[in-house]
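Hello,

Here is the structure I promised to pass on. Please open it next to this message.

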Amino acid sequence: MIFLQILRPTFPGSLLRHRAARVLACALALAATLAPPVLSAQERPAALRALEKQGLTVIGTFPSPGGLTAWAGTIGPRPVAIYVAPDGKHIIAGTMLDAEGKEVNAAALEKIAGQTASTGMWDRLQNARWIADGDDKAPRTLYVFTDPNCPYCNKFWYESRPWVDAGKVQLRHVIIGVLTPTSPGKAAALLSDKNPAALFAAHERGQSAATSRAFAAGHERMLGDETIKPLARIPQAIQAQLDNNASLMAELNLQATPSVVWRDAKGTIQSSQGVPTQRLAEILGPR
């Protein structure tokens with residue numbers, strides 16, 4: 001897989017950027033009631049309303065030890081706990097631990113926000129600009145962040161053929177163009193084509209033999225431009241689609257191609273940066 005250093009999280013504000021920071025707190029017990037009350041925007045603390053303007057989706061409160069008011073929210077596909085200080089002017093985003101270093105609110109947060117976060121991000125993936133690869137009626141759907149120059153994407157495309165050809169999996173390639181100087185133009189050419197799925201398949205198929213030889217020789221080879229000619233000028237509408245795809249990838253904290261996203265049996269979003277051959281059955285399901 002190829003890591004993309006230029007991708008950045010899209011949520012401003014130091015609290016959101018450090019939302020995974022640990023918050024150490026002594027706790028006595030976790031309350032049993034988990035149903036969050038619904039409060040209007042006006043009833044929420046001012047500091048919390050400020051975070052909503054920066055991309056946080058607030059769901060409701062939940063019981064929490066330690067004397068802090070706990071709010072459940074989502075940032076992209078991730079549930080996040082927000083703890084409000086008694087003055088209502090200061091908030092802490094992160095994980096609460098008890099005196100033994102154990103998380104105390106993980107189950108409550110997941111019950112309130114986990115499914116909402118997964119459903120919201122899955123809907124956004126469905127509405128993104130992607131190229132279908134496989135049967136629309138396939139029982140399993142995976143979204144694959146793909147750069148048209150990525151040799152590892154091509155390797156995954158080739159290795160996934162048994163599942164796709166058997167109608168067991170549909171891959172939805174969320175096209176991005178960030179890997180090399182020609183990537184944006186090639187990505188735009190793909191999305192601008194009258195038949196993107198046919199052009200994409202021809203491109204991947206035409207590159208697979210050379211990619212296999214390159215990996216066998218011990219080094220990667222960027223895909224060539226024989227099938228897809230990069231656009232010199234990218235239409236504004238296509239650029240907006242590419243920007244949205246890149247933003248979705250960043251929100252999912254994915255920084256490598258290919259990255260795959262799917263839903264498990266509980267409906268929770270799962271993801272993987274890169275698809276090692278030994279994980280194909282785990283990610284794609286039984287052959």
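My notes follow, by region.

Keep in mind that this is a predicted model.

The sheet

The sheet is open and has 5 strands. Their order is β8-β10-β9-β12-β13, and the pairing is mixed. β8 (130-133) and β13 sit at the edges, each pairing on one side only. From one strand to the next, the twist averages 25°.

Trp130 has Val174 in β10 as its bridge partner.

At the other end of the order, β12 (residues 259-263) and β13 (residues 269-273) are also paired antiparallel, over 5 bridges. Arg263 is bridged to Ile269 in β13. These two strands form a hairpin, with 5 residues between them. Look at Gly267 in the turn: its phi is positive, about 85°.

The core

The largest nonpolar core counts 14 residues. Leu125, Phe145, Leu252 and Val261 have the most contacts inside it. Three elements each supply at least two of its residues: α3 (106-126), β9 (140-146) and α8 (236-251). α3 gives the largest share, 3 residues.

A helix pair

α6 (residues 183-192) packs against α7 (residues 196-216). The angle is about 135°, and the axes are 7 Å apart. α6 is therefore oblique to α7. On the α6 side, the contact uses Lys186, Ala189 and Leu190. On the α7 side, Pro196, Leu199, Phe200 and His203 meet them. By class, that contact has 5 nonpolar, 1 polar and 1 charged residues.

Backbone points to check

Two loop residues deserve a look.

Which peptide bond is cis? The one from Thr257 to Pro258, with omega near -5°. Pro258 is in the loop between β11 (256-257) and β12.

Asn253 has a positive phi, near 60°, although Asn253 is not a glycine. This residue belongs to the loop between α8 and β11. Is Asn253 exposed, partly exposed or buried? Asn253 counts as partly exposed, because its relative accessibility is 37%, between the 20% and 50% cut-offs.

Best wishes

Definitions and conventions:
Residues are numbered from 1 along each chain as its sequence is written. This is a predicted model: local features need pLDDT of at least 70, side-chain atom pairs count only at pLDDT 80 or more; totals for chains, interfaces and linings use all residues. Side-chain values use heavy atoms; hydrogens and water are left out. A nonpolar core is a set of buried Ala, Val, Leu, Ile, Met, Phe, Trp, Tyr and Cys residues joined through side-chain atoms within 4.5 Å. Buried means under 20% relative accessible area, exposed over 50%, partly exposed in between (1.4 Å probe, protein chains only). Helices (H or I, at least four residues) and strands (E, at least two) are DSSP runs, numbered from the N terminus. Two strands pair if DSSP finds at least two bridges between them. Axes are lines fitted to C-alpha atoms, for helices over the stretch in contact, and angles run from 0 to 180 degrees between N-to-C directions. Angles under 35 degrees count as roughly parallel, over 145 as roughly antiparallel, 65 to 115 as roughly perpendicular and the rest as oblique. Contact means heavy atoms within 4.5 Å. Ala, Val, Leu, Ile, Met, Phe, Trp, Tyr, Cys and Pro count as nonpolar, Asp, Glu, Lys and Arg as charged, and the others, Gly among them, as polar.
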